[in-house]
Amino acid sequence: MIRARLIAPLLSAALALSAVPALSAEPLRIGLITTLSGPGAVIGTDIRDGFALAVEQAGGKLGGLDTQVIEADDQQKPDVAVSLAARMTEKERVPFVTGIIWSNLALAMMPTLAGGNVFLISPNAGTSALAGAQCSPYFFNVSWPVDSIGEAAGAAAQAQGVKRVYALAPNYPSGKDVVTGFKRAFKGEMVGEVYTPFGQLDYAAEIAQVKAAKPDGVFIFYPGGMGINFLKQYDQAGLLGQIPLTGPGFSFDQDILPAIGDAALGIKAPLQWSPDLDNPANRAFVSAFRAKYGRIPSYYAAQSYDSARLIGGAVAAVGGELADKDALRAALRKAPFESVRGAFRFNTNHYPIQTYYQREVVREASGMLTNRIIGTVFTDHGDVYAKDCPMK
């Protein structure tokens, strides 16, 4: 399903990125392809809402141009995503596509988008395959190379004195990347390493294997509906109080906490963003998101919000002239926006160099579950793949 939505101005002069007058009479058209059905829809909803909030705050004009966001549901299927990429490139003729959650979909779409000179601004999908030798001048990642967050989790587990770990993740590119990153920093024993079918929702057999292995800790990477089901079943098996869980912070982020409830309290996992991160951009974002949607924003919403602001800053930098792709790319590389995570810059492979924080699931005064920063794992951390990227 695909629909066009012209986001009308609701706030005037809210952001500097909307202050540059447009030199083009044409609106800025952006394709937002994300998962809006099935178990992954909980993530896609946050991706959509975070992006919409940034456009609204810019008065409906990213970079000074009237902004038209064309939403489409990829159904979490590579073939659907490729078809939508072709439609955005050939029929809609957008200069930017964003919204992609899953690395296998991003990989499938990139040949079509790059071939049509369309930039993919990823708010989440960050496979290592696009960070090294296959890096693309048309791919910008606003989250991380996914194994870097696994690496942060491995370093945190190492610092906590964990000796034996059992790892589980979906069998797709990012699942393997995250575990690879964890093993890069964790020096203890991996007593199990299991890759389950992508989208699996019943983990009884895997949880029984974990119980038999008796590790000191379990590392999981299960976003969206997969994570909700795994955590509920892990708790029902009585293991949550026996064998601590860890993983990348988005495995225990705001999108799934309401569904998990008290079982998530006390879980520690790193991420590069948190609702309590203390900088002006983040305080304003979290406050506005809660006021508009009635919930605490997830990491996914924050990164999508940043993606919109990145696009707006780049469009403003080129004065609304979108035809010169080299100039637009140069503007994007300078990251001309104020990120909700604070300091933000791109490496040569168009992946961020950033700080990763250790977080813990707590209950705030309102009664809602959320994450709070309890320490720093990495500062100004870049990925290991940038050295292999031919872009300089």
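Tutor: Let us begin with handedness: the crossing of α1 and α10 is right-handed, where right-handed means that the near helix is turned clockwise from the far one by less than a right angle, and left-handed anticlockwise. This is a predicted model, in which local features need pLDDT of at least 70 and side-chain atom pairs count only at pLDDT 80 or more, while totals for chains, interfaces and linings use all residues. Residues are numbered from 1 along each chain as its sequence is written, and side-chain values use heavy atoms, with hydrogens and water left out.

Student: At what angle do the axes of α1 and α10 cross?

Tutor: Two packed helices are described by the angle between their axes and the distance between the axes. Here the axes of α1 (residues 41-57) and α10 (residues 299-317) cross at roughly 40 degrees and come within 7 Å. That makes α1 oblique to α10, since angles under 35 degrees count as roughly parallel, over 145 as roughly antiparallel, 65 to 115 as roughly perpendicular and the rest as oblique.

Student: Which cysteines does a disulfide join?

Tutor: A disulfide is a covalent bond between the sulfur atoms of two cysteines. The rule applied is a pair of cysteine sulfur atoms within 2.5 Å, and Cys135 is joined to Cys389 with S to S 2.0 Å. Cys135 lies in the loop between β6 (119-122) and β7 (139-141) and Cys389 in the segment after β15 (369-381), so the pair ties together parts 254 residues apart in sequence.

Student: Is Cys389 buried or exposed?

Tutor: Cys389 is buried, with a relative accessible area of 1%, where buried means under 20%, exposed over 50% and partly exposed in between (1.4 Å probe, protein chains only).

Notes:
Axes fitted to C-alpha atoms, helices over the stretch in contact; angles between N-to-C directions. Helix = DSSP H or I, 4+ residues; strand = E, 2+ residues; numbered from the N terminus.
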